[in-house]
Amino acid sequence: MNIIKKTFVAIALCGAALCSFAADVKPYVEADALPNALNYYPAPPDTMSPQFMYDISQYIWGKTMRKDSARAALAVAQAAETVEEMAAMFSEPFGMEISAKKTPAIMNLLERGVLTLRKVGSKAKRHYMRRRPYDRFNEPTLVPAEEERLRTNGSYPSGHTARAWAMALLLIEVNPAAQDALLKYAYEWGQSRVIAGFHWQSDVDASKVLVSGAYPSLHTNETFMADMRKAQAEFKKLKAAETKGSAPKPATGKPAAPKAGKK
């Protein structure tokens, strides 16, 4: 089963379980404790700038990518927002099923970590209230049901990209061996927002920088570090069990007698 098919299976299972952010999940730190993007990251490109011309060219590129039915389907699937849905989809690049049942410590880390890091772009979103590409050009997206709601939600930076990039960084610290696959998947998640028509390329690029810049601050939080150690220990234990279970069983019975050599 390829990653796109697995993505839809994961979403179906998660939807059946009524996935959502747990009401009692709390961030590790509040938004005010994170770096303020307004103080160090540039404003979105001016509409007369070369950078905005690149945004437009990427918007056109995104629309051409919709002709690839498999890539378009992935972009629709990656419109997911809940940690449960995302964790199920990130399971393949992570190399292990991630769920509240199988990996409770890892899920706790993701729920609190993503909730914390996704706030890093909130001030910039409210401040700039950048118009989204589908709204600017009055064109349809790949997820029509989301269009009306997101018209009043600033485009810069991308919230979906922030969630995906945050999840990748958290999971890399749990399983460093999967770093390339996780970063690639998070990158594609961001590009899905361009393909779907909800974000400019500069929205997506900004989110990756903002989350990467805020991530080190979590390491000053004792609760985060304790949760990270629990998640790492859980992963190592489960990985060891998988390895032991897949190891070839020793041969039973008497060993075969050696063949007689030539005299």
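Me: Which helices each supply at least two residues of the lining of the second largest pocket?
Reply: This is a predicted model, where local features need pLDDT of at least 70, side-chain atom pairs count only at pLDDT 80 or more, and totals for chains, interfaces and linings use all residues. Residues are numbered from 1 along each chain as its sequence is written, and side-chain values use heavy atoms, leaving out hydrogens and water. Helices are DSSP runs (H or I, at least four residues) and strands likewise (E, at least two), numbered from the N terminus. For the lining of the second largest pocket, the helices that each supply at least two residues are α7 (122-128), α9 (147-150) and α10 (159-174).

Me: How much space lies in the second largest pocket?
Reply: A pocket is an open set of points on a 1 Å grid where a 1.4 Å probe fits, with protein on both sides within 12 Å along at least five of seven lines; lining residues have an atom within 4 Å of a point. The second largest pocket has 19 lining residues, and R118, K125, N153, G159 and R163 lie nearest its centre. The space in this pocket is about 330 Å³.

Me: How many residues of the lining of the second largest pocket are charged?
Reply: Asp, Glu, Lys and Arg count as charged, Ala, Val, Leu, Ile, Met, Phe, Trp, Tyr, Cys and Pro as nonpolar, and the others as polar. α10 gives the most to this lining, with 4 residues. By class, the lining holds 4 nonpolar and 7 polar residues, and the number of charged ones is 8.

Me: How many residues apart are D32 and K123, which form a salt bridge?
Reply: A salt bridge is a side-chain nitrogen of Lys or Arg within 4 Å of a carboxyl oxygen of Asp or Glu, and the structure holds 14 of them. In the pair of D32 with K123, the closest N and O atoms are 3.2 Å apart. D32 sits in the loop between α1 (3-16) and α2 (37-40), K123 in helix α7, and the separation in residues is 91.

Me: Is D32 buried or exposed?
Reply: Buried means under 20% relative accessible area, exposed over 50%, and partly exposed in between (1.4 Å probe, protein chains only). K123, its salt-bridge partner, is at 27% and counts as partly exposed. D32 is at 66%, so this residue counts as exposed.

Me: Which parts of the chain does the salt bridge of D203 and R130 tie together?
Reply: The side chains of D203 and R130 meet at 2.7 Å, N to O. D203 is buried at 0% relative accessibility, and R130 is buried at 10%. The residues are 73 apart in sequence, so the pair ties together helix α12 (residues 201-214) and the loop between α7 and α8 (133-137).

Me: Which residues is F90 in contact with, leaving aside its neighbours within four places in sequence?
Reply: Contact means heavy atoms within 4.5 Å. In the protein, 82% of the contacts with a separation of 6 or more join residues 24 or more positions apart. With its neighbours within four places left aside, F90 is in contact with I98, A164, M167, A168, L171, L182, Y185, A186 and W189.

Me: What is phi of N138?
Reply: N138 is found in the loop between α8 and α9, and at 66% relative accessibility this residue counts as exposed. N138 is not a glycine, yet its phi is positive, at about 55 degrees.

How values were computed: Points joined across faces, edges and corners; volume = space filled by probe spheres on them.
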